[in-house]
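Please read them with the structure open.

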Amino acid sequence: MSQLEKIYGLHAVEALLRHHPKRVKQVWLAEGRGDPRAQVLIELAAQARVSVGQCERREMDAWVEGVHQGVVAEVSPSQVWGEAMLEELLDRADGPPLLLVLDGVTDPHNLGACMRTADAAGALAVIVPKDKSATLNATVRKVACGAAEVIPLVAVTNLARTLEKLQQRGLWVVGTAGEAEQSLYDQDLKGPIVLIMGAEGRGMRRLTREHCDYLVRLPMAGSVSSLNVSVATGVCLFEALRQRTSVKAAG
């Protein structure tokens, strides 16, 4: 049992039962949880032949750090994909692919929020460097609200080399930088795009920046100079989605 991870929260556990039921070994509900949302989990667990048990909330509080909502699942270890997954995703992409790169985002809350937004905006995958980056854990899954079970997280050893390979496949690399001359809203994001978001504070690493085909900035009208990386990611991804949707509507 020591190999198992504890995933918590209604959305995260439900997503696992729907998309990866074989990974779920046991579901625990807090005593007294018999509401409709809990019933959905019980039914999904029954379909997957997963046992559902009950325990006290204070016992759950000791299991996980975070708001578990009275739902905890014991699951096989998280799946983080390698670079080969990118080739597979691009080979079967329907329309111009959109990939999100997070260069040095270490906060699991930000990673979870970015994965949730990436899935909502239609991105194929989220790419992170293996070193100095947040990776899948219970916090990421909880914040992602189920998206972590749907959109692949791809960890690469050499981000610069990965960007070169993506460029060779015809993707354009667009990086975000506060000092860039071009506005996000003036950039064409309708084609095959790799969008790079840097870490809060220091932004993209130098080598990553050197591999960008374009640099864009988010126009700021107020007194603050930057946005939280997950918020900025949402703005950029949904601008790409807006442009792509307008092309489909026009067609």
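1. Is L16 buried or exposed? The model is a predicted one, and in it L16 has a relative accessible area of 1%. With the cut-off for buried set at under 20%, L16 therefore counts as buried. The residue belongs to helix α1.

2. The surroundings of L16 can be listed. Leaving out residues up to four places away in sequence, L16 touches I7, P21, R23, V24, V75 and E149. I127 is 111 residues from L16 in sequence, and the C-alpha atoms of the two are 21 Å apart.

3. Next, the packing of helix α1. The axes of α1 (residues 10–19) and α2 (residues 36–47) come within 10 Å of each other and cross at roughly 25°. Because angles under 35 degrees count as roughly parallel, α1 is roughly parallel to α2. The crossing is left-handed.

4. Which residues make this contact? On the α1 side they are L10, H11, V13, E14, L17 and R18; α2 contributes R37, V40, L41, L44 and A45. Sorted by class, seven of the residues are nonpolar, one is polar and three are charged.

5. The largest nonpolar core has 34 residues, and those touching the most other members are L100, L102, M115, V126 and M197. At least two residues of this core come from each of β5 (98–103), α5 (108–120), β6 (125–129), α6 (138–144), β7 (153–156), β10 (193–198) and α9 (229–250). Helix α9 gives the largest share, five residues.

6. M115 deserves a separate entry. Setting aside neighbours within four places in sequence, M115 is in contact with V126, L136, V140, A147, A148, I151 and L153.

7. R49, although not a glycine, has a positive phi of about 60°. R49 sits in the loop between α2 and β3 (51–55). Its relative accessibility is 82%, so R49 counts as exposed.

8. Q69 is the other case: a positive phi of about 60° in a residue that is not a glycine. The loop that holds Q69 runs between α3 (57–63) and β4 (71–75). How accessible is Q69, and what relative accessible area does it have? Q69 is partly exposed, at 29%.

Conventions: Residues are numbered from 1 along each chain as its sequence is written. This is a predicted model: local features need pLDDT of at least 70, side-chain atom pairs count only at pLDDT 80 or more; totals for chains, interfaces and linings use all residues. Side-chain values use heavy atoms; hydrogens and water are left out. Axes are lines fitted to C-alpha atoms, for helices over the stretch in contact, and angles run from 0 to 180 degrees between N-to-C directions. Helices (H or I, at least four residues) and strands (E, at least two) are DSSP runs, numbered from the N terminus. Angles under 35 degrees count as roughly parallel, over 145 as roughly antiparallel, 65 to 115 as roughly perpendicular and the rest as oblique. A crossing is left-handed if the near helix is turned anticlockwise from the far one by less than a right angle, and right-handed if clockwise. Contact means heavy atoms within 4.5 Å. Ala, Val, Leu, Ile, Met, Phe, Trp, Tyr, Cys and Pro count as nonpolar, Asp, Glu, Lys and Arg as charged, and the others, Gly among them, as polar. A nonpolar core is a set of buried Ala, Val, Leu, Ile, Met, Phe, Trp, Tyr and Cys residues joined through side-chain atoms within 4.5 Å. Buried means under 20% relative accessible area, exposed over 50%, partly exposed in between (1.4 Å probe, protein chains only).
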